[in-house]
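Student: Please take a close look at the aromatic rings here. What do they pair with, and where does a charge sit over a ring?

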Amino acid sequence: MPLIPMRVMLDHAAENGYGIAALNVNNMEQIQAIMMAAQETDSPVIVQASRGARSYSNDAYLRHLMLAAVELNANLPICMHQDHGNSPETCLSAIEQNFTSVMMDGSLTADGKTPSDFDYNVKVTREVVDAAHAVGVSVEGEIGALGGIEDGHGAGLSEEEAQEHLTDPDEAEAFVAQTGVDALAVAIGTSHGAYKFSRKPSGEVLKISLIEEIHRRLPNTHIVMHGSSSVPQELQDIINTHGGRIRQTYGVPIEEIQRGIANGVRKVNVDTDNRLAITGAIRKLFAESPEKFDPRDYLKPARIAMAEVCKARMIAFGQAGHAGEIPVKTCKEMVDFYIKK
Ligand code: G3H
Ligand code: 13P
Ligand code: ZN
């Protein structure tokens with residue numbers, strides 16, 4: 001089956017009340033881990049690549065790895081998504097590389113760090129929506145801005161700045177009306193990376209209630225939760241007992257994500273948990289078998305550890321078992337859908 005536009009998957013998820021994990025990749029083993037998990041759980045798949053991932057792996061490698069994933073998993077619907085596009089140019093280049101969905105993150109300016117204003121966000125997002133929908137590619141926008149700079153990871157603001165940039169439901173309504181995005185990322189107190197919360201988050205810092213409010217006002221908009229790694233204690237422990245140094249930290253509890261899914265969240269972004277799983281498996285192998293030096297000896301357990309995390313998320317978010325139900329629609333077929341809208 002061809003790569004599927006994200007809109008088709010999120011519509012199905014909304015009709016059937018589940019969420020889909022959007023899992024970041026940078027290399028072959030991560031793509032394989034996701035596909036292993038999806039096969040075992042019969043899940044639709046959203047693979048996403050950040051700008052950093054595209055430059056690390058090189059677009060040509062990434063494109064061919066994804067073609068291999070499609071060829072080897074012909075029974076599964078797979079979407080390829082640009083994570084945090086910083087400019088229309090980034091999104092357009094992703095479309096040229098066969099991505100079937102793009103995120104125009106206009107909540108920050110093109111440097112990927114500085115919060116932008118509403119008018120700028122609408123302008124760049126609208127530009128991407130016009131170009132992407134003309135070829136049937138789905139678009140995610142973001143209103144409000146996430147934190148996540150503490151470990152030098154990803155785009156983001158300090159924890160304090162992020163609390164000042166939570167999504168305003170009035171702006172969310174106006175943004176959707178003015179841009180026509182397929183999916184809307186919202187800022188509800190999560191941040192990118194491992195260091196999200198210094199204790200198990202309460203409703204004061206992790207505002208699922210904001211999702212409830214946005215969903216009440218925009219019942220037909222697919223909501224996206226970024227920074228949704230759960231940072232499991234056991235993964236922190238595996239790393240730390242094998243020579244690593246992760247400061248005690250807390251992520252987004254699975255049950256809070258499930259509350260989000262019950263209130264319109266359809267795409268759940270997870271990267272850090274997979275990074276932790278991979279690192280833990282490699283550290284363990286190095287600590288227990290210091291004589292090993294064949295990369296396959298540590299990349300195989302790393303791949304299995306990531307697949308286990310992906311599997312657990314696919315089951316918890318409810319996408320498991322739905323692969324065969326997703327309508328097989330190409331981007332070309334989606335062009336008509338947008339013209340008629
Ligand atoms: O948005 C953050 C994702 O985890 C991707 O991170 O920009 O380091 O590839 P990255
Ligand atoms: P985490 O760092 O919580 O995995 O978030 C990933 C993300 O939001 C990618 O866009
Ligand atoms: Zn993100």
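Tutor: A charge sits over a ring if NZ of Lys or CZ of Arg is within 6 Å of the ring centre and within 35 degrees of the ring normal. This is a predicted model, where local features need pLDDT of at least 70, side-chain atom pairs count only at pLDDT 80 or more, and totals for chains, interfaces and linings use all residues. Residues are numbered from 1 along each chain as its sequence is written, chains are lettered from A and ligands numbered from 1 in the order in which they are written, and side-chain values use heavy atoms, with hydrogens and water left out.

Arg54 places its charged end over the ring of Phe99, 5.4 Å from the centre.

Now the ring pairs. The whole structure holds three aromatic pairs. Rings of Phe, Tyr and Trp (its six-membered ring) pair if their centres lie within 6.5 Å; planes under 30 degrees apart count as stacked, over 60 as edge-to-face and the rest as tilted. One of the pairs is Phe118 with Phe175, edge-to-face, 6.4 Å centre to centre and 70 degrees between the planes. It links distant parts of the chain: Phe118 is in helix H6 (residues 118–134) and Phe175 in helix H8 (residues 169–179), 57 residues apart. Helices (H or I, at least four residues) and strands (E, at least two) are DSSP runs, numbered from the N terminus. Phe175 is buried, at 0% relative accessibility. Buried means under 20% relative accessible area, exposed over 50%, partly exposed in between (1.4 Å probe, protein chains only).

Phe286 and Tyr298 are also edge-to-face, at 4.8 Å and 65 degrees. Phe286 lies in helix H12 (residues 272–288) and Tyr298 in helix H13 (residues 295–317), so their pair ties together parts twelve residues apart in sequence. Phe286 is partly exposed at 41%; Tyr298 is buried at 18%.
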